[in-house]
Amino acid sequence: MTDPVRSIVHRFPGVPTLEGAGVRLRRSFSNNEVPLFDPFLLLDRFGSSNPEDYLAGFPWHPHRGIETVTYVLDGEVAHGDTLGNSGVIRAGDVQWMNSGSGIIHQEMPQRTDRSLSGFQLWVNLPAREKMSVPAYRGLTAHDIPEVTTDTGDRVKIVAGSYGSVEGPVRGIPVDPTYLDVRVPPGGTFVQPTPPGFTVFAHTVDGSGTFEGHDRGPIAPGETVLFGAGDEVRLHASEAGARFLLVSGRPLHEPVAWYGPIVMNRRDELLQAMRELEHGDFLKHPRPIIEE
Ligand code: MN
């Protein structure tokens, strides 16, 4: 029998990391944490008021075997792939990209009159989907429903559901929930979570306390991983709290990871490297585009 409320079992302050061609970001978790966050692989928080910290961007690189979820809170990130797909992810927009068998793309934060701020989450694909047809889902801020409760909580639903409201991203193998939650000063937020799912939260700003055995307040930039239970319950501080709440069904499959490619076995990684070298990495010339 488990506690009804999920307690925090691990805390991650985030590690300053230089990524891409020289982008300063904070990495919440990555390959060192496998399999703690299964089915999630990586969470990066990028952003700065200084364009020098991000303009170098993430030039041409491949992905295979994962989904990358880019959520821009402020500023702009332009993206394009070698097949000619391109666009701009703007404030409040989400790009949920399934690399499947392979894409080669670039992601380039743009100079605007605003600070840059956003997240990239990597979601693992089950073995049976790793070589699937790549797919783009481009969601604008307008596509993402926001619920305001009678106690003043504001919840944006990217995937999964909050109450009776379902997010626009559906049909993802690990059945994820991705919420952006704002709780007013002194407010309480409760979300039921499916049994057996991995659940974590990342504090965007403000602070609060999750109910459970570990009741230390959460700090901005901190990522917390929850243990077993039926729900998470947050009491916001007098500053209020904004956090991402993410859950998904673990895959329980072996992970073989090299840079932007995540497969199940080492020989699959070696094959991907050979294909990149020989120019036959891309298996599907036309990705699925869902706007
Ligand atoms: Mn990428």
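**Cis prolines, ring pairs and a manganese site**

P39 is found in the loop between β3 and β4; strands here are DSSP runs of E with at least two residues, helices are runs of H or I with at least four, and both are numbered from the N terminus. The structure is a predicted model, in which local features need pLDDT of at least 70 and side-chain atom pairs count only at pLDDT 80 or more, while totals for chains, interfaces and linings use all residues. Residues are numbered from 1 along each chain as its sequence is written, and side-chain values use heavy atoms, with hydrogens and water left out.

The peptide bond that joins D38 to P39 is cis, with omega about 15°.

D175, in the loop between β16 (165–166) and β17 (177–183), has a positive phi near 55° although the residue is not glycine. With a relative accessibility of 43%, D175 is partly exposed, a class that falls between buried (under 20% relative accessible area) and exposed (over 50%), as computed with a 1.4 Å probe on protein chains only. H252, also a residue other than glycine, has a positive phi near 55°. This histidine sits in the loop between β21 (231–248) and β22 (256–258); because its relative accessible area is 69%, H252 counts as exposed.

Rings of Phe, Tyr and Trp (its six-membered ring) were paired if their centres lie within 6.5 Å, with planes under 30 degrees apart called stacked, over 60 edge-to-face, and the rest tilted. By this rule there are 12 aromatic pairs. One of them is formed by F37 and F200, whose ring centres are 5.5 Å apart and whose planes meet at 80°, so the pair is edge-to-face. Since F37 lies in the loop between β3 and β4 and F200 in strand β19 (residues 198–210), this contact ties together parts that are 163 residues apart in sequence. F37 is buried, at a relative accessible area of 1%, and F200 is buried at 1% relative accessibility. In another pair, the rings of F210 and F226 have centres 4.8 Å apart and planes at 75°, so this pair is edge-to-face too. Here strand β19, which holds F210, is linked to strand β20 (residues 223–226), which holds F226, across 16 residues. Both F210 and F226 are buried. Ring pairs also join F12, F29, F37, F40 and F200 into a cluster.

Finally, the model holds a manganese ion. Its donors are H61 (NE2), H63 (NE2), H105 (NE2) and E107 (OE), at 2.1 to 2.2 Å; donors are N, O and S atoms within 2.8 Å of the metal (3.2 Å for Na, K and Ca), and sites may look incomplete because water is not among the atoms. Along the chain, the manganese donors follow the spacing H-x1-H-x41-H-x1-E. H61 belongs to strand β5 (residues 58–63) and H105 to strand β10 (residues 103–110), so the two histidines tie together parts 44 residues apart in sequence. H61 is buried, with a relative accessible area of 16%, and H105 is buried with a value of 2%.
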